[in-house]
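Please read the following report alongside the sequence and the coordinates. It is concerned with how two chains meet and how one of them is built.

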There are 2 protein chains.
Amino acid sequence: MKQYNVAIVGATGAVGEQMRRILESREFPVQNLKLLASSRSEGKRLTWKRTGILVETLAPGSFAGVDIALFSAGSDISREYAPIARDAGAVVIDNSSAWRMESDVPLIVPEVNRQALAGHRGIIANPNCSTIQMVVVLKPLHDRWGLKRVVVSTYQAVSGTGRKAVEELMSQSRAYLAGEAINPEVYPHQIAFNLIPQIESFGEDGYSKEETKMIDETRKIMGLPRLPVTATTVRTPVIIGHAETVNVEFVEPVDVEEARDVLAAADGVEVVDEPAAGVYPMPIHAVGKDSCFVGRLRLDNSVPSGLNLWVVADNLRKGAALNAVQIAECLVENGL
Amino acid sequence: MKQYNVAIVGATGAVGEQMRRILESREFPVQNLKLLASSRSEGKRLTWKRTGILVETLAPGSFAGVDIALFSAGSDISREYAPIARDAGAVVIDNSSAWRMESDVPLIVPEVNRQALAGHRGIIANPNCSTIQMVVVLKPLHDRWGLKRVVVSTYQAVSGTGRKAVEELMSQSRAYLAGEAINPEVYPHQIAFNLIPQIESFGEDGYSKEETKMIDETRKIMGLPRLPVTATTVRTPVIIGHAETVNVEFVEPVDVEEARDVLAAADGVEVVDEPAAGVYPMPIHAVGKDSCFVGRLRLDNSVPSGLNLWVVADNLRKGAALNAVQIAECLVENGL
């Protein structure tokens, strides 16, 4: 089997670490793995299979001989280095928001729109974490009944912000329990035992960037540029695992039992839905898992054909690293 | 000014404590205060003004001479003792769900439907916490533009369950941070650093009791028995302060600026809405406050006239004890 030279840009971050683990656990055909990060991490040794790899400082010359470059180092780095990597001959799979809405950049969730990879121009975008777990669930329902409108509210984990946010939640929780003062650094307010209805900055329409991403990216991935979608995104004191209430209106009359079957048969989806037995998706059960978990399926009788859903996934895996590696797998199947 | 003999049933609970504090801080015209609880609390002394009152064991004879009885001891106690208190001559204001949907029991949020107190038969119901904070915000908007449909998702604090749930969140958080095992007792699953999409038990339609309450009670309080409403309710690792994303469709075309003005002028509502400055409602800011805080106002362009809102309130105060005392104040104004 053909082997590929792979680079991870942002290899020391929370998502970069997951990318390395998932490449290994899914036995991705890696010939050489290059771990790139800022100069602060230079010389750090990270495990790969039964050995260790030294982290190198990201530089314009880093991509010689690289076939696939997985980026997860923020939008600024992606905007600067993704074209450099592409021009050096690599196919870039970018986890930042820098390229997602460019018309010539495919925005891919393999279970939903892998066909949109055809004719890519060397940069492929990995969607926002909250968007991925929603569209994986919406796609099979859309194919069956036709989406009419989606109202989503998110309950997002701090690991989506990065390692420092996880440390902040832990240290604030400790401080609170000890009766000590809390000084927010990563977030604008205390996150321990609180809710912050802000994820990224706000636009003039009052929507946060995260909310706008969920609306725009859902339309692009689903290939429904006018799909009525609205979103409210909220940070919760959870470590790993984003959750969402998704209220869906359909064109055709939906049936709950059939929706359960349609979802159970869908790629990447796991139905966890025996609420009377206390069985429903939760962040603590999603950690380290590949699936998007869906439960709390109920008819919404406030519209002619409505369904309420509760969707949970590991935001670092399906929401980021796993989806990026799955895109790489599609590229390999397609011969890049 | 006329003074009243008041009893609190469930005086040692989280809501009962707030009732006592709020009666005092609002200078409710109390002649004698009677604190009633189960026999486990007998002899406990609780502060009242500059003195202390002994807790008495609730019994059928407890209500002799009582004018107003505030109940917050669960549905079973309310079902048994509210008629006894009423027959003894007291007006009962009941915080449980036992009587809320009875056709001859007014379900009251003073800012919304105090007129429904007229002709009461001795038992008045205090709505569910999540419902109260939503209808206080919906009422002025309905008066202006006409409600067409409401989709709500809740982010609920553990204090809504009671003192033991608060202790459970604290002790589980400590255990998690110390790397120790977590053994849920109050909730069916770990609540620390997690989300539980279950509040109370589930009906055959898949809705939890809390969700059904939000739908049914909203319709009754608003006097809109067919209002299309749907709800998903979720327990979050927050101590005090319920939050809600409320997506509203209107009959008439809504305007965001005017909605802000309408809400700012409404009784019991405080607009906190400068998101670019990091100013929006949050549980930590709502604790101990009387208002329902609303922010994140945005047009929802997925429907002809839609608005997204984020509503936060102290679930023990406006969500329970304060609203009950406000009902008592209305009764006093009406001459009981």
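## Basis of the model

This is a predicted model, in which local features need pLDDT of at least 70 and side-chain atom pairs count only at pLDDT 80 or more, whereas totals for chains, interfaces and linings use all residues. Residues are numbered from 1 along each chain as its sequence is written, chains are lettered from A and ligands numbered from 1 in the order in which they are written, and side-chain values use heavy atoms, with hydrogens and water left out.

## The interface between chains A and B

In chain B, 57 residues are in contact with 57 residues of chain A, contact being defined as heavy atoms within 4.5 Å. The two chains bury about 4,700 Å² between them, 61% of it on carbon and sulfur atoms; buried area here is the accessible area (1.4 Å probe) that two parts lose on being put together, summed over both. B:L177, B:F193 and B:L195 supply 14% of the area that chain B buries against chain A, more than any other three residues.

Across this interface there are 38 residue pairs in polar contact, both residues being at pLDDT 80 or more (a pair of N or O atoms within 3.5 Å; within protein, one must be able to donate a hydrogen and the other to accept it, and residues adjacent in sequence count only if both atoms are side-chain atoms). Several elements of chain B each supply at least two residues of the side that touches chain A, among them β8 (147-155), α5 (163-177) and β10 (242-250), and the largest share, six residues, comes from α5(B). By class, that side of chain B has 31 nonpolar, 18 polar and eight charged residues, where Ala, Val, Leu, Ile, Met, Phe, Trp, Tyr, Cys and Pro count as nonpolar, Asp, Glu, Lys and Arg as charged, and the others, Gly among them, as polar.

Helices (H or I, at least four residues) and strands (E, at least two) are DSSP runs numbered from the N terminus, and two strands pair if DSSP finds at least two bridges between them. Six strands of chain B form an open sheet of mixed pairing in the order β9-β8-β10-β13-β12-β11, with β9 and β11 (269-271) as the edge strands, each pairing on one side only. Within this sheet, β8(B) and β10(B) run antiparallel and are joined by eight bridges, and B:S153 stands opposite B:T245 in β10(B). Helix α4 (residues 129-145) of chain B lies across β8, β10, β11, β12 and β13, running at about 25° to β10(B); axes are lines fitted to C-alpha atoms, for helices over the stretch in contact, and angles run from 0 to 180 degrees between N-to-C directions.

Seven strands of chain B form an open sheet, also of mixed pairing, in the order β3-β4-β2-β1-β5-β6-β7. β3 (45-48) and β7 (123-125) of chain B stand at the edges with a single partner strand each, so one side of each is left without a neighbour in the sheet. Strands β1 (residues 4-9) and β5 (residues 68-71) of chain B pair in the parallel sense over four bridges, and B:I8 stands opposite B:L70 in β5(B). Helix α9 (residues 317-333) of chain B packs on this sheet, touching β1, β5, β6 (91-94) and β7, and its direction makes about 155° with that of β6(B).

## Salt bridges

Eight salt bridges are found across the interface of chain B and chain A; the side chains of B:D300 and A:R149 meet in a salt bridge at 2.6 Å, N to O.

A:D143 forms a salt bridge with A:K139, the closest N and O atoms being 2.9 Å apart. These two residues, A:D143 and A:K139, are separated by about one helical turn because they are four residues apart in helix α4 (residues 129-145) of chain A.

Conventions. Salt bridge = Lys/Arg side-chain N within 4 Å of Asp/Glu carboxyl O.
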